[in-house]
Amino acid sequence: MQPVIRWFHQLGSPPTFDRFAARWAPIAYVLGLLVMAYGLYGALFVVPADYQQGDSFRILYIHVPSAWMSMAIFALMAVYAAIGLIWRIKLCEILAMACAPIGAAFTLITLATGSIWGKPMWGTWWDWDPRLTTELILLFLYLGVMGLYNAIDDRRAAARTAGFLSIVGVALLPVIHWSVTWWNSLHQGQTISLFGKSHMDPSMLPPLWAMVVGTHVWFIGSLLARARADNLKREAGKAWVLKMAGTE
Amino acid sequence: MMSYQNYVIAAYAVFGVVLAWDFLAPRLQLRAQLRAARLRATREAARSAAPELTR
């Protein structure tokens, strides 16, 4: 068996995953924090104010990466859930369910920072605009997945049921993405593109990309930490957990 | 002086608070799980050390 494939198989073992998560979660947290610190410094103190929006545009540096994370995490959650449903891999069920609170946190940041930006720019905290409304539905879907997972006693059945909801919910992601194109939206269209041309001055982009990378790395740390906690909860009473608890 | 300063501060504060919660929540869960495991290990050790009941 190839070493990489063997490593993946070994990672599916709860004690191996616990050791892996315990080792890499703190590193991911620190790396994510460092990259975000660089991004935040650039966003707040280096880039010039926007000629129309003034300094309120600095909110974009946390709003946009959080919005991207809110959708990317949901897609990843659905992928893990699908793998968990099809191949019955317990670790994928755990990872899928660990995605939900982190995704909900980033969706909450997206909605809150968008609202705070909207007040001075649009003159209102909230509007039932297609982009805002679909993002709010995304938050409700995350909360639904979390609620469903915690409502069923059997952890594996709970993960499969909530995972199914996340797979169905993926249909919302393209609606969120293209809502500004499909409908007459108050929300601005796409201004930043990963591969194409961004409609933003290049001097303003480095802190944004730093924040995008930083939030992704932070997510890895948070995912590992949450999955580790859930893994320990499911394995409570097993010899390796009792042994490890005695040493930590 | 930054324009819209209060809005910028409020937005970044939300970001900081939510990420702080995201950092702390799994840590607290982990601590609770490890504490429960330690208590279980102590109980099991005490049970195995206790003399067996006789009729």
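A residue is called buried if 20 or more other C-beta atoms lie within 10 Å of its own, exposed if 12 or fewer, and partly exposed in between, with C-beta atoms placed from the backbone. The model is predicted: local features need pLDDT of at least 70, side-chain atom pairs count only at pLDDT 80 or more, and totals for chains, interfaces and linings use all residues. Residues are numbered from 1 along each chain as its sequence is written, and chains are lettered from A and ligands numbered from 1 in the order in which they are written.

**View 1. Chain A, a chain of 9 helices and 0 strands.** Helices (H or I, at least four residues) and strands (E, at least two) are DSSP runs, numbered from the N terminus. Of the 248 residues of chain A, 40% count as buried. The C-alpha trace spans about 60 × 35 × 35 Å along the principal axes of chain A. Two residues are in contact if their C-beta atoms, placed from the backbone, lie within 7 Å. Among contacts in chain A between residues at least 6 apart in sequence, 77% join residues at least 24 apart.

**View 2. Chain B, a chain with 1 helix and 0 strands.** The radius of gyration of chain B is 24 Å, well over the 10 Å from the globule rule for 55 residues, so chain B is more spread out than a compact globule. That radius is taken over C-alpha atoms, and the rule is 2.2 Å times the number of residues to the power 0.38. The C-alpha atoms of chain B fill a box of roughly 85 × 15 × 10 Å along the principal axes. Buried residues of H1(B) include B:Tyr7, B:Ala11, B:Asp22 and B:Ala37. Chain B averages a pLDDT of 89, and 93% of its residues score at least 70; pLDDT is the predictor's confidence in each residue, from 0 to 100.

**View 3. The contact between chain A and chain B.** The contact takes 33 residues from chain A and 27 residues from chain B. On the side of chain A that touches chain B, the largest share, 11 residues, comes from H4(A). The residues of that side divide into 20 nonpolar, 6 polar and 7 charged. Here Ala, Val, Leu, Ile, Met, Phe, Trp, Tyr, Cys and Pro count as nonpolar, Asp, Glu, Lys and Arg as charged, and the others, Gly among them, as polar. The predictor gives the complex an ipTM of 0.92 and a pTM of 0.93.

**View 4. The largest nonpolar core, with 72 residues.** A nonpolar core is a set of buried Ala, Val, Leu, Ile, Met, Phe, Trp, Tyr and Cys residues joined through C-beta atoms within 7 Å. Among the residues with the most contacts inside this core are A:Met77, A:Cys99 and B:Ala11. H4(A) gives the largest share of the core, 17 residues. Neighbours within four places in sequence aside, A:Met77 is in contact with A:Ala96, A:Cys99, A:Ala100, A:Gly103 and A:Ser166.

**View 5. Helix H4 of chain A and A:Thr110 within it.** Of the 33 residues of H4(A), 25 are buried, so this helix is largely enclosed by the rest of the structure. A:Thr110 counts as buried because it has 25 C-beta neighbours inside 10 Å. Leaving out residues up to four places away in sequence, A:Thr110 touches A:His63, A:Ser66, A:Ala67, A:Ser70 and A:Glu135.
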